[in-house]
Amino acid sequence: MRTILAALALTTALTLPGIAMARPVTLTTTLKDYGGDGAYLAIYVTDPKGAYAGSLWMAGTKSKYYEHLSDWYRATGGNAAEIDGITGASVGAGRQLEITLDLADTLFDAGYTIHVDAAVEDMRDSPNEVAVPLTTQGAGQSVQGRRYIANFSYGM
């Protein structure tokens with residue numbers, strides 16, 4: 001059910017540049033074995049000017065911790081409506097989060113960027129842990145995170 005809601009939210013939120021075709025995209029995030037509690041992750045997109053364009057997924061359900069996902073929080077004002085229907089459990093150390101959703105074709109090769117903010121209780125926050133340009137050539141390429149994320153990739 002969450003996958004369906006996430007897809008609906010995304011097709012609504014991220015068909016920004018107009019009526020567009022969408023394609024299924026799988027986002028894979030593998031966490032390092034950092035030895036702490038489950039990580040909260042905010043996965044979102046910015047436009048070519050760096051402005052927030054929409055949220056793709058929120059891993060972690062307790063809203064009181066969202067402020068630790070500081071770049072996402074700053075961009076959205078912590079507005080829970082941004083993540084309605086696209087929220088799941090936090091991701092444990094050494095575990096993997098894989099989600100599939102529909103993204104508008106017009107987002108690819110147009111200057112949009114996928115960002116991942118990460119936060120772990122009693123550990124340092126990691127805003128913009130991953131920032132990956134959304135390009136067709138970048139699909140399938142793994143990118144390392146700065147603190148908690150071992151690697152992130154998206155596939156079409």
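**Close-up views of a predicted model**

**View 1. Pairing of Leu 31 with strand 8.** Leu 31 stands opposite Ile 149 in strand 8. The model shown here and in the other views is predicted. Strand 1 and strand 8 are joined by six bridges, and their pairing is antiparallel.

View 2. Strands of a sheet pair through backbone hydrogen bonds, in a parallel or an antiparallel arrangement.

**View 3. The largest nonpolar core.** This core has 42 residues, and the members that touch the most others are Leu 27, Leu 41, Ile 114, Phe 152 and Tyr 154. Two or more core residues come from each of strand 1, strand 2 (39–46), strand 3 (52–59), strand 5, strand 6 (113–120), strand 7 (126–133) and strand 8. Strand 2 gives the largest share, seven residues.

**View 4. Surroundings of Phe 152.** Phe 152 is one of the core residues that touch the most other members. With neighbours within four places in sequence left aside, the contacts of Phe 152 include Leu 27, Thr 28 and Thr 29. Phe 152 is also in contact with Ile 114, Val 116, Val 130 and Val 132. Gln 141, Ser 142 and Val 143 complete the list of its contacts. Leu 27 and Ile 114 are themselves among the core members with the most such neighbours.

**View 5. Two non-glycine residues with positive phi.** Asp 109 has a positive phi, near 60°, and is not a glycine. Asp 109 lies in the loop between strand 5 and strand 6. Asn 128 is likewise not a glycine, and its phi is positive at about 50°. Asn 128 belongs to strand 7. The relative accessible area of Asn 128 is 28%, so this residue counts as partly exposed.

**View 6. The whole chain, for orientation.** The chain contains two helices and eight strands. Read from the N terminus, its elements follow the order α-β-β-β-α-β-β-β-β-β. Of its 156 residues, 41% are buried. The chain exposes about 7500 Å², of which carbon and sulfur atoms supply 48%. Among contacts with a separation of 6 or more, 67% join residues 24 or more positions apart.

View 7. Mean pLDDT for the chain is 90, and 87% of the residues reach 70 or more. Residues 1–9 have pLDDT below 50. In the model, this stretch has 14 contacts beyond near neighbours in sequence.

Conventions:
Residues numbered from 1 in each chain as written. Predicted model: local features only at pLDDT ≥ 70, side-chain atom pairs only at ≥ 80, totals over all residues. Heavy atoms only, no water. pLDDT = per-residue confidence, 0-100. Contact = heavy atoms within 4.5 Å. Core = buried A, V, L, I, M, F, W, Y, C linked by side-chain atoms within 4.5 Å. Buried < 20%, exposed > 50% of the residue type's maximum accessible area, 1.4 Å probe, protein only. Helix = DSSP H or I, 4+ residues; strand = E, 2+ residues; numbered from the N terminus. Areas by Shrake-Rupley, 256 points an atom, 1.4 Å probe, with all protein chains shown as cover. Pairing = 2+ DSSP bridges.
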